[in-house]
Number of protein chains: 10
Amino acid sequence: MLFMVQMDVHVPPHVSSESFDQLKTTEKARAQQLQQSGKWRHLWRVAGRYSNVSIFDVADAAELHDIMTSLPLFPHMTVEVTALCQHPSAIENQA
Amino acid sequence: MLFMVQMDVHVPPHVSSESFDQLKTTEKARAQQLQQSGKWRHLWRVAGRYSNVSIFDVADAAELHDIMTSLPLFPHMTVEVTALCQHPSAIENQA
Amino acid sequence: MLFMVQMDVHVPPHVSSESFDQLKTTEKARAQQLQQSGKWRHLWRVAGRYSNVSIFDVADAAELHDIMTSLPLFPHMTVEVTALCQHPSAIENQA
Amino acid sequence: MLFMVQMDVHVPPHVSSESFDQLKTTEKARAQQLQQSGKWRHLWRVAGRYSNVSIFDVADAAELHDIMTSLPLFPHMTVEVTALCQHPSAIENQA
Amino acid sequence: MLFMVQMDVHVPPHVSSESFDQLKTTEKARAQQLQQSGKWRHLWRVAGRYSNVSIFDVADAAELHDIMTSLPLFPHMTVEVTALCQHPSAIENQA
Amino acid sequence: MLFMVQMDVHVPPHVSSESFDQLKTTEKARAQQLQQSGKWRHLWRVAGRYSNVSIFDVADAAELHDIMTSLPLFPHMTVEVTALCQHPSAIENQA
Amino acid sequence: MLFMVQMDVHVPPHVSSESFDQLKTTEKARAQQLQQSGKWRHLWRVAGRYSNVSIFDVADAAELHDIMTSLPLFPHMTVEVTALCQHPSAIENQA
Amino acid sequence: MLFMVQMDVHVPPHVSSESFDQLKTTEKARAQQLQQSGKWRHLWRVAGRYSNVSIFDVADAAELHDIMTSLPLFPHMTVEVTALCQHPSAIENQA
Amino acid sequence: MLFMVQMDVHVPPHVSSESFDQLKTTEKARAQQLQQSGKWRHLWRVAGRYSNVSIFDVADAAELHDIMTSLPLFPHMTVEVTALCQHPSAIENQA
Amino acid sequence: MLFMVQMDVHVPPHVSSESFDQLKTTEKARAQQLQQSGKWRHLWRVAGRYSNVSIFDVADAAELHDIMTSLPLFPHMTVEVTALCQHPSAIENQA
């Protein structure tokens, strides 16, 4: 199943920049692992903001939830989830 | 350049269902033509709503505007546009 | 998969009350058929409003979309969809 | 009486993760006790967010309030309450 | 049970002022009947707007819903419902 | 003059629970004094939230302001004020 | 008592421009009469919008309501009302 | 030129009440100086909130900006600015 | 004085496309005349929407208002106005 | 490509005014360097607020993102990005 997830990261005011840099490093590793597995199908930066637009291809909503809460930056994100499906005008199966 | 476009279609109250069905048919043909050209890279239905999430790959904002206003349903849409770029954690060039 | 769907119905200003009553009758029949099939698991009225809160148990987002667009009142609804999953504190499997 | 309650939990920035884990443990015990009593009829996780959708079956609004304020995480939640009633198209008494 | 209900009336553009005046007359009669029954406990005009703030004292949410949908102006209202209960600092039982 | 005031209390993160409990005790005493004076006509708890709906009967807006800023929890509240007046359909003088 | 009132006028789509011009003429006469009486203390145009910011000095909220509903354009306005009072830093009595 | 400015003051959580009282004293002196100069034409308290509605009469937007940023409480305010002009129905020149 | 104006045009449902095309032609002529006069300093299309972002350089708010209400499409626009001034980091006088 | 960027700066509560003044000094130098390069085409202060409206002329969204995240105040900003293009009524090429 496909989900669009929009993540806005809020830099935590009480965290040192060293700790936050470390969080970002582990976040990047986790994000790349999930992309290689095929679960995190697309990952785009929103221009000019600390935000991304992502497409996940997962078995179900439970798997999406497990993935999201496994992200090191999850406690510092505002998250919007949108369930997607095949569009009748799409020329190839995207779902 | 990549743009995410979110389109919500509003069924016009004064248009007969025959006219609206015809609009949808020409919309579908135009959408497929744009997908075949590679400009309209992804097109997903938002589950349960008359809305879609789309990714466009265009030369610039002017081309995006020309494409959007060429859609037969454009006058009946609420449109949100988000400029995207390559994410540093993405494992392949998506921009 | 479970989805919460919140539907707000807007009485169409151009439709006669006879036509609208007929729409509601076919809507009710369709809603009951979907409940009997087990797809539409819960259906509650929001007190004081022409709105409902529903829980759907469907194969995937595509099936949810087909169900929603099959409802006679769908063109007159504002719809919010929320993907649900099993809660770790729930005492029984609800997903 | 039935109420839908939507709870969004905000991780408190000044609380240590040990204290917060303990809060979550007592929250889970309280939630399960309330489910076993039949007061907390349904509890679903919102996919990808630290939020839930719940259905409570209580004597009245006062009992709902007492339950909500008895939750250990209540001070860290944003709460939306919606009063529900039997829907005329529902095939069984859900209220 | 007590509910606060906020009603905003929208003058329907397609209804003649004669028809709308008649609607308001029947609305007033119904409102006064409900006040005399003790169900509609308080009714205040919001200064400068075609809106009211009301307190209803009803058996449950179902009775509130039946009352609201029995109002002649119900199809022309935006309605917000808030469930109330006894406040611990209140000096008399208001619930 | 009548005003509806909606107060949402935000638990201050930097205040110890002892200090906050003391604040609540003095708040309660002040609220009861104002109710006994007839200025604070109604006080209801919003079910499931740290919020209330209140009706004040005061000489003018200045008196309302003095009352509100005399509340010990005032610095921790979000406040909405709505000026009310007699409704033409009300069966008794409520203003 | 002082109230700030913000009025946004919506040109009604079904009204001919002749009828609407007549409405505006009677609105202007009524507005000037109320200004001369001292009830409508200030009247400013919001630059670039069909909106105004007004200050009314009335006996109470009931008088404000009577004034607002006596305006010919009232059915075509969105209205926001804010109750004002003397500011402790103001150098002269404005309330 | 006339501007309406709405200021909402947020009590800073990290500032001692002594420091904040001193801020308010200097704010009051500055506000009165600006009123005496004729730049700050009107200053009203919003009833029940730590907010004001003000009318400034300044040479241009730059002077408004300099005035606003000279206020000691400026860093603790949310500010809305609305450019005003003479209303065609106003009986005297207010711009 | 400089103002940013954001205009969103709403295609009127009751106007024939011939009438609307004529409106757009006169709108374009008026917009070009105002640009040539130096009053309408910048005019950009918002990509993918029937909206523009404009910068006006006018004597005062009254002149801005006269310009805006002289636009043939003004009755079909939602307008946001923002007063601008020289930024201390700007390398040339833009105000 | 042209982008409008609206930046609202939030004074960080935990940063000393000395550190923040230093941040602003480096921000100003960076802003002037980008203006001299022609990338930051326009920079206006929003009157009465710690906000600006800017126009950037960049190769693509990636360059915009690099510029924004290079600003010393970027972690303390709320940012809105709008993609612009040539308007058909503009009298000169602004894109």
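This briefing describes one interface between two chains and one residue elsewhere in the assembly. The model is predicted, so local features need pLDDT of at least 70 and side-chain atom pairs count only at pLDDT 80 or more, while totals for chains, interfaces and linings use all residues. Residues are numbered from 1 along each chain as its sequence is written, chains are lettered from A in the order in which they are written, and side-chain values use heavy atoms, with hydrogens and water left out.

**Where chain A meets chain D**

- Nine residues of chain A are in contact with eight residues of chain D, contact being heavy atoms within 4.5 Å.
- About 680 Å² is buried between chain A and chain D, and carbon and sulfur atoms give 65% of this area; buried area is the accessible area (1.4 Å probe) that two parts lose on being put together, summed over both.

**A salt bridge across the interface**

- The rule finds one salt bridge between chain A and chain D, where a side-chain nitrogen of Lys or Arg must lie within 4 Å of a carboxyl oxygen of Asp or Glu.
- This salt bridge joins R49(D) to E80(A), whose closest N and O atoms are 3.5 Å apart.

**A residue of chain H**

- H65(H) belongs to helix α2 (residues 61-69) of chain H, helices being DSSP runs (H or I, at least four residues) numbered from the N terminus.
- H65(H) counts as buried because its relative accessibility is 11%, and buried means under 20% relative accessible area (1.4 Å probe, protein chains only).
- Leaving aside residues up to four places away in sequence, H65(H) touches C85(I) as well as R45(J), V46(J), A47(J), G48(J) and R49(J).

Notes: Helices (H or I, at least four residues) and strands (E, at least two) are DSSP runs, numbered from the N terminus. Buried means under 20% relative accessible area, exposed over 50%, partly exposed in between (1.4 Å probe, protein chains only).
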